[in-house]
Amino acid sequence: MTALLEVTDLVKHYPIDQGLFPRLLGRPAGGVQALNGVSLSIRAGETLGLIGESGCGKSTLGRAILRLHEPTSGRIRFGGTDIVGLDAPGLKAMRRRMQIVFQNPYASLNPRKSVGEILAQPLRLHGLAKGGELRARVGAMLESVGLRAEHAARYPHQFSGGQRQRIAIARALILNPEFVVCDEPVSALDVSIQAQIIDLLDRLKRELGLTYLFISHDIAVIGHVSDRVAVMYLGQIVESGPARAVLRTPHHPYTRALMSAVPRVDRGDDRAERVRLTGDLPSPLNPPPGCRFHTRCAFATEICRTTPPALLPLDDSRMVACHHFPVRPA
Amino acid sequence: MTDHPMPEPLLSITDLRVAFATRGGLVRAVDGVSLEVRAGECLGIVGESGSGKSVTFASVMGLIRPPGRIEGGSIRFGGRDLVGLDPAAYRRLRGREIAMTLQDASTSLNPALTVGTQITEVLLAHAEDLPAGHGPRRRAARQRAIDMMRLVGIPAAEGRLDDYPHQFSGGMRQRMMIAIALSCRPRLLIADEPTTALDVTIQAQVLELIAGIRATLGMSVVLITHDLGVVAEYCDRVAVLYAGQIVESGPTAQVIAAPRHPYTAGLLRSVPVLSDLDRPIQPIPGQVPDLVDLPEGCRFLPRCALAHAACHAAVPMRGLGAGRAARCVLAEAAP
């Protein structure tokens, strides 16, 4: 299978405006290092799950891939085209093929537009349909996400959170994209509704042959929906591989800590064996030198404090960035 | 049902009814909730948005304000009925005997006051054993504030007392809220979604902290959450709420291993589990009923796969022995 999306060494720094005085004094500008050399590829038809805690850069990555945020450097190839260098018309054409569903359906839908207008806008912008055909496509799209065609006349506030997320999904899919970034699509929803939306995304993926980048902080959800997973910490991928393999035998101490921190209904008596993380996430303004995880890692040694570990292949499918795990033959 | 006599529970809510008058009609947010919290235990309250879980405990704290109204029932705490308690008596109770932490620590702390001011304010208002005199009293309160901040694991507590909430991370703010809530050593801590806004690694730290302090101080804890995993790991007993009513209650391990209400069973089937990622998740179809226009019979009926003719009449809670109960006509049948 060929890669639909290939991200190479993506960097995104947000500069911080220090104000006039430091600039006059010639102090170097600082910045938030949201993404620091991220590489990944997603094959056509697969779901890549991106796990990480808040501030790790997972949403920035999702948005940078669609160029909603301009990357500082790096390459993003989508279907063979490097989209970092695209001009506005080129990017517009590309955006038809790649879409996004945001986390909060209370904020991502314009409250002053009817659901019909919200769904019609992408079709109009791309000049794909008008008049009766446009209405028919909007109606059909609403039905395929489990709503009714006559809901087009209503406004977002007339819907529950789960229904709003269905509308957001319909808006993302109405252009028949190949690739969808799902950025925490169920995190704002109640438990019983989360399962409905996961089910819907799963069915649409199968029916329409979609490829997903599924971003979530919920490891069980990621494990359930993903073919492969990538674990992010402070702007870098620390571990990646097939979802089942990574979640069954996580190697990176951070992945292991994440797994054991999840409160679970299915845990046996292994609470005592948990890997406990102490402390908070360091500031991405000033990430620790060496391995970025060393300040919270129980296994850190001298080398971890000085030398950043490379993300190295473990076999033909898994990658881990750690000096100590898994223990590799010399 | 039990072999030894039970002491009187610390908190006992009987047939509590709370309603809010809205333009759309009367919202019956809590409709006949009865539950008990025993001394030293941790009770988990599970429910989705609108289930009444927060309103139930806002009632315990005396925080229901118009258009909300407690329409009936009783809330007994330490031998007293709290419904209709006068405001001055309630003020003495809150903070000192019952404390509550709210979901979002970033909006519950006053951004314009230092955390030190916010924690010593509680101590100066409620603590009975501070020395007399303005200066010694303030110094003692400050020292106790530092001790509480240490207890909840805030590093370099003396140095942080004069910091403002925005200078703390989300996890540290939640710890600060817990420190404030615990500063007068209450007998009951009500933690409303204490970890929902936090990352999993920080969530684990905060939950372990609450469990540890509960053991140290011997207090009772009510943990309000939507996460069954949190309940499974930290609560002795659980009550599941749906549309303003308790639909199932009992010892946590038994309820999770063999739920007797279809809603509890549905919730458990709708979350993916790490130990069996290939298990399909089964969503509960439909949505929570409108609290203004509730069905006559079982409130879960429109979403239930086991619906029965008897479900159209009101369904009472049925005791199932061993401390378990469920509001389902099929509760006695094997699940």
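Biologist: Which conventions apply to the numbering and to the confidence of the model?
Modeller: Residues are numbered from 1 along each chain as its sequence is written, while chains are lettered from A and ligands numbered from 1 in the order in which they are written. This is a predicted model, in which local features need pLDDT of at least 70, side-chain atom pairs count only at pLDDT 80 or more, and totals for chains, interfaces and linings use all residues.

Biologist: Which element gives the largest share of the side of chain A that touches chain B?
Modeller: Contact requires C-beta atoms, placed from the backbone, within 7 Å, and 31 residues of chain A are in contact with 33 residues of chain B. Elements are DSSP runs numbered from the N terminus: helices are H or I runs of at least four residues and strands are E runs of at least two. On chain A, two or more residues each come from α7 (191-208), α8 (219-225), α9 (243-248) and α10 (253-261). The largest share, six residues, comes from α7(A).

Biologist: How do the residues of that side of chain A divide into nonpolar, polar and charged?
Modeller: Ala, Val, Leu, Ile, Met, Phe, Trp, Tyr, Cys and Pro count as nonpolar, Asp, Glu, Lys and Arg as charged, and the others, Gly among them, as polar. On this basis, the side of chain A that touches chain B has 14 nonpolar, eight polar and nine charged residues.

Biologist: Which residues have the most contacts inside the largest nonpolar core?
Modeller: A nonpolar core is a set of buried Ala, Val, Leu, Ile, Met, Phe, Trp, Tyr and Cys residues joined through C-beta atoms within 7 Å. Buried means that 20 or more other C-beta atoms lie within 10 Å of the residue's own, against 12 or fewer for exposed and values in between for partly exposed, with C-beta atoms placed from the backbone. The largest core has 184 residues, and those with the most contacts inside it are V222(B) and L223(B).

Biologist: Which helix gives the most to this core?
Modeller: In soluble globular proteins, nonpolar side chains tend to be buried together. Here eight residues of the core come from one helix of chain B, residues 170-182, namely α7.

Biologist: Which residues of β8(B) are buried on each of its faces?
Modeller: Strand β8 (residues 220-225) of chain B has six of its six residues buried. One side carries S220(B), V222(B) and I224(B), and the other carries V221(B), L223(B) and T225(B).

Biologist: What is the bridge partner of I190(B) in β8(B)?
Modeller: Strands pair if DSSP finds at least two bridges between them. Strand β7 (residues 188-192) of chain B runs parallel to β8(B), joined by five bridges, and five bridges also join β3 (residues 42-46) of chain B to β8(B), again in parallel. V222(B) touches I190(B), among others. The bridge partner of I190(B) in β8(B) is V222(B).

Biologist: Which strands stand at the edges of the eight-stranded sheet of chain B?
Modeller: This open sheet has mixed pairing and the order β6-β7-β8-β3-β9-β10-β12-β11. Two strands have a single partner each, so one side of each is left without a neighbour in the sheet: β6 (98-101) and β11 (318-321) of chain B.

Biologist: What is the order of the four strands in the open sheet of chain A?
Modeller: Within this sheet, β4 (residues 73-78) of chain A and β5(A) pair in the antiparallel sense over two bridges, and R77(A) has D82(A) as its bridge partner. The pairing of the sheet is antiparallel, and the order is β2-β1-β4-β5.

Biologist: At what angle do α4(B) and α5(B) cross?
Modeller: Axes are lines fitted to C-alpha atoms, for helices over the stretch in contact, and angles run from 0 to 180 degrees between N-to-C directions. The axes of α4 (residues 115-126) and α5 (residues 134-151) of chain B come within 9 Å and cross at roughly 115 degrees.

Biologist: Why is α1(B) largely enclosed by the rest of the structure?
Modeller: Helix α1 of chain B comprises residues 53-60. K53(B) and F57(B) are among its buried residues. The helix is largely enclosed because the buried residues number eight of the eight.

Conventions
Two residues are in contact if their C-beta atoms, placed from the backbone, lie within 7 Å. Lists of a residue's contacts leave out its neighbours within four places in sequence.
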